[in-house]
Amino acid sequence: MFREPGRVPWLLVLACLLLTVAGLAGLLRADELYGRTQLVERQLIWLMLALPVMCLVAWIPWRLLRLWSYPAYGASLLLLLVTLFMPPINGARRWIPLGLFDLQASEPARLAFIMALAAWLMHRSSQTTVRGLLMPALLTLLPMLLIIREPDLDTALLFVPVLGCMLYAAGTRLSHLSVAGLLVLISLPLLWQQMSAEQRSRIVSVMVQQDGGTAPTGDGFHLHQSKQVLALGGLQGSW
């Protein structure tokens, strides 16, 4: 994170704080509309725990992170495999019970993936060729396929834009990224076959939208509610 020891990227810290404040404001507004909950207090507790950890991680030298990148990536794949053998919760195997809390293996997997991909792309020029994109694609597909099997389609799809941004920052040609994007489109039927019935129905509910009327009880509920919020709040929101 830091280019020089002791130099703090205050713009990034400010962006994180503003995002946190916006999230807390949304929870406070939800309490006003739907009744008192403990979500705000829980978020504040996690915030107090997360801030020191963020500062500690930020001060770790990047060379040390590079040494940990591949072992962390391998450990994250192992955790994703273990997750598939855990008891299902609400029809999905996404958590590993650890007593005090349940570990969602896809969360550390995202960080480990970024670390491993960054370590692979460092001081290389192979990503400027089509053949050089094979290893970054493999590093991306392995955790994606395991997360899809949980199933957790939303988290799995987040790996794709991260891969594209990191490849572009590493100097990959736009023409090669276009070819990679075309290959992704071609592979969509294969991805569709790997999806569960619940995941397919959520995608279909976006394509087949229904305006007005009462809120559906199935997969279209969140889409209906988001439209209601946009209609009531407008561009400036509801105060």
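Analyst: Let's begin at Val-184, which lies in helix 8. Please keep in mind that this is a predicted model. With a relative accessible area of 40%, Val-184 is partly exposed. Because a residue needs over 30% relative accessible area to be part of a patch, that 40% lets Val-184 qualify. Val-184 does belong to a nonpolar surface patch of about 640 Å², together with Val-179, Leu-182, Leu-183, Leu-185, Ile-186 and Leu-188. Helix 8, which covers residues 174–186, is the element that gives the most to this patch, with six residues.

The unreviewed UniProt entry places the feature "transmembrane region" at residues 46–65, 72–89, 109–125, 132–148 and 168–192. Such annotations may be inferred rather than shown by experiment. Two of these spans can be compared with the shape of the model. Residues 46–65 are 85% helix and 0% strand, and their end C-alpha atoms lie 24 Å apart. Over residues 109–125 the chain is 76% helix and 0% strand, with 26 Å between the end C-alpha atoms.

Now step back to the whole protein. Its secondary structure comes to eleven helices and two strands, and from the N terminus on, the elements run α-α-α-β-β-α-α-α-α-α-α-α-α. Along the principal axes, the C-alpha atoms fill a box of roughly 55 × 45 × 40 Å. The accessible surface comes to about 16900 Å², and 70% of this belongs to carbon and sulfur atoms. Of the 239 residues, 23% count as buried. If you take the contacts between residues at least 6 apart in sequence, 55% of them join residues at least 24 apart.

From the surface we can go inside. The largest nonpolar core has 24 residues, and Leu-80, Leu-117 and Leu-121 touch the most other members. Two or more residues come from each of helix 3 (62–83), helix 4 (106–121), helix 5, helix 6 (153–157) and helix 7 (159–169). Helix 4 provides the largest share of this core, six residues.

Ser-76 has its place in helix 3. Leaving aside its neighbours within four places in sequence, Ser-76 is in contact with Pro-108, Ala-109 and Ala-112. Thr-140 is found in helix 5, residues 134–148.

Side chains of opposite charge can pair when their charged atoms come close. Here the side chains of Glu-107 and Arg-110 meet in a salt bridge, at 2.4 Å from N to O. Both lie in helix 4, three residues apart, which is about one turn of the helix. Glu-107 is partly exposed, with a relative accessible area of 34%, and Arg-110 is partly exposed as well, at 26%. A search of the whole structure finds one salt bridge.

Two loops complete the picture. In the loop between helix 5 and helix 6 you will find Pro-151, and a cis peptide bond joins Glu-150 to Pro-151, with omega about 5 degrees. Further along, Val-208 is found in the loop between helix 10 (197–207) and helix 11 (221–233). Val-208 is exposed, with a relative accessible area of 62%, because exposed means over 50%. Val-208 and Gly-220 are twelve residues apart in sequence, and their C-alpha atoms are 9.1 Å apart in space.

How values were computed
Residues are numbered from 1 along each chain as its sequence is written. This is a predicted model: local features need pLDDT of at least 70, side-chain atom pairs count only at pLDDT 80 or more; totals for chains, interfaces and linings use all residues. Side-chain values use heavy atoms; hydrogens and water are left out. Patches are made of residues with over 30% relative accessible area and no salt bridge: like charges are joined within 9 Å, nonpolar side chains (Val, Leu, Ile, Met, Phe, Trp, Tyr) within 5 Å. Accessible areas come from the Shrake-Rupley method with a 1.4 Å probe; for residues, only the protein chains shown count as cover. A salt bridge is a side-chain nitrogen of Lys or Arg within 4 Å of a carboxyl oxygen of Asp or Glu. Helices (H or I, at least four residues) and strands (E, at least two) are DSSP runs, numbered from the N terminus. Buried means under 20% relative accessible area, exposed over 50%, partly exposed in between (1.4 Å probe, protein chains only). A nonpolar core is a set of buried Ala, Val, Leu, Ile, Met, Phe, Trp, Tyr and Cys residues joined through side-chain atoms within 4.5 Å. Contact means heavy atoms within 4.5 Å.
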